[in-house]
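The following paragraphs lead through a single protein model, taking its parts in turn. Please keep the sequence and the coordinates in view while reading.

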Amino acid sequence: MKAVIGRKDLPGLVVMTVIGIGLSLLGSVKLKNAAETNQWPITTGIVTSSEVGGVGKFYPSVNYSFLVDSVEYTSNRISTMNVSTKKRSDVEEILKSYPVDKEVEVYYNPSDPSEALLEPGIHTGNTLLLAFGILILAIPVFLIIFMKVDLN
């Protein structure tokens with residue numbers, strides 16, 4: 001005997017479907033934007049500060065300055081994903097790549113050079129939102145496919 005999806009279950013299925021679609025669309029946009037950073041122009045910058053930020057949860061705090069068309073900009077983005085962890089040592093390991101006064105390659109958005117980062121492209125975390133959205137969307141789809149629907 002198949003389990004039954006009743007009328008009372010429909011609001012939950014609709015909400016899960018809408019949330020799944022929304023997260024999937026948002027994840028797709030974030031992935032597309034992250035991939036586009038690989039095509040951004042590159043300039044040279046200088047790290048102006050590099051330290052562990054946060055209390056309890058730690059994150060790398062790196063500031064750098066760079067020139068685009070003789071205009072100086074500053075940024076603090078390392079990649080398209082924000083990193084935070086409970087392990088201070090993980091952040092310290094990341095910061096080894098960005099000591100103060102180090103010359104770095106800076107990828108900047110050609111239409112808005114104030115938007116810049118040091119590590120372009122898609123990172124593992126960029127895919128999580130899309131994967132989570134697909135997973136949430138799959139639940140109501142599979143329930144409808146594999147369960148009997150009785151709307152009486």
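**A guided reading of the model**

Phe146 is found in helix 3, which comprises residues 124-146. The model is a predicted one, and the values below are computed from it. With a relative accessibility of 55%, Phe146 lies over the 50% cut-off and therefore counts as exposed. Phe146 also belongs to a nonpolar patch on the surface, together with Val141, Phe142 and Ile145. The accessible area of these four residues together is about 410 Å².

From the helix we turn to the sheet. Five strands form an open sheet in the order 4-3-2-5-6, and their pairing is antiparallel. From one strand to the next, the twist averages 40°.

Strand 3, residues 59-68, pairs with strand 4 in the antiparallel sense, and five bridges join the two. Within this pairing, Ser65 stands opposite Thr74 of strand 4.

Aromatic side chains come next. The structure holds two aromatic pairs. In one of them, Tyr64 and Phe66 are tilted, with 6.1 Å from centre to centre and 35° between the planes. The other pair joins Phe66 to Tyr73: the ring centres are 5.7 Å apart and the planes stand at 20°, so this pair is stacked. The reasoning rests on the angle, since planes under 30 degrees apart count as stacked. Phe66 takes part in both contacts, and Tyr64, Phe66 and Tyr73 form one aromatic cluster.

Are Tyr64 and Phe66 buried or exposed? Tyr64 has a relative accessible area of 0% and is buried. Phe66, at 2%, is buried as well.

The remaining topic is charge. Side chains of opposite charge can pair when their charged atoms come close. Under the criterion of a side-chain nitrogen of Lys or Arg within 4 Å of a carboxyl oxygen of Asp or Glu, the count comes to five salt bridges. Three of them are described here, beginning with the one between the side chains of Arg77 and Glu115, at 3.8 Å from N to O. Arg77 lies in the loop between strand 4 and helix 2 (88-95), whereas Glu115 lies in strand 6, so this pair ties together parts that are 38 residues apart in sequence. Arg77 is partly exposed, with 28% relative accessibility, and Glu115 is partly exposed at 29%.

Another salt bridge links the side chains of Arg88 and Glu92, at 3.1 Å from N to O. What separates these two residues along helix 2? They are four residues apart in that helix, and therefore about one helical turn lies between them. Arg88 is partly exposed, with a relative accessible area of 41%, and Glu92 is partly exposed at 38%.

In a further salt bridge, Glu93 pairs with Lys96, and the closest N and O atoms are 3.2 Å apart. Here the two partners fall into separate classes of accessibility: Glu93, at 47%, counts as partly exposed, while Lys96, at 59%, counts as exposed.

Notes: Residues are numbered from 1 along each chain as its sequence is written. This is a predicted model: local features need pLDDT of at least 70, side-chain atom pairs count only at pLDDT 80 or more; totals for chains, interfaces and linings use all residues. Side-chain values use heavy atoms; hydrogens and water are left out. Two strands pair if DSSP finds at least two bridges between them. Axes are lines fitted to C-alpha atoms, for helices over the stretch in contact, and angles run from 0 to 180 degrees between N-to-C directions. Patches are made of residues with over 30% relative accessible area and no salt bridge: like charges are joined within 9 Å, nonpolar side chains (Val, Leu, Ile, Met, Phe, Trp, Tyr) within 5 Å. Accessible areas come from the Shrake-Rupley method with a 1.4 Å probe; for residues, only the protein chains shown count as cover. Buried means under 20% relative accessible area, exposed over 50%, partly exposed in between (1.4 Å probe, protein chains only). Rings of Phe, Tyr and Trp (its six-membered ring) pair if their centres lie within 6.5 Å; planes under 30 degrees apart count as stacked, over 60 as edge-to-face and the rest as tilted.
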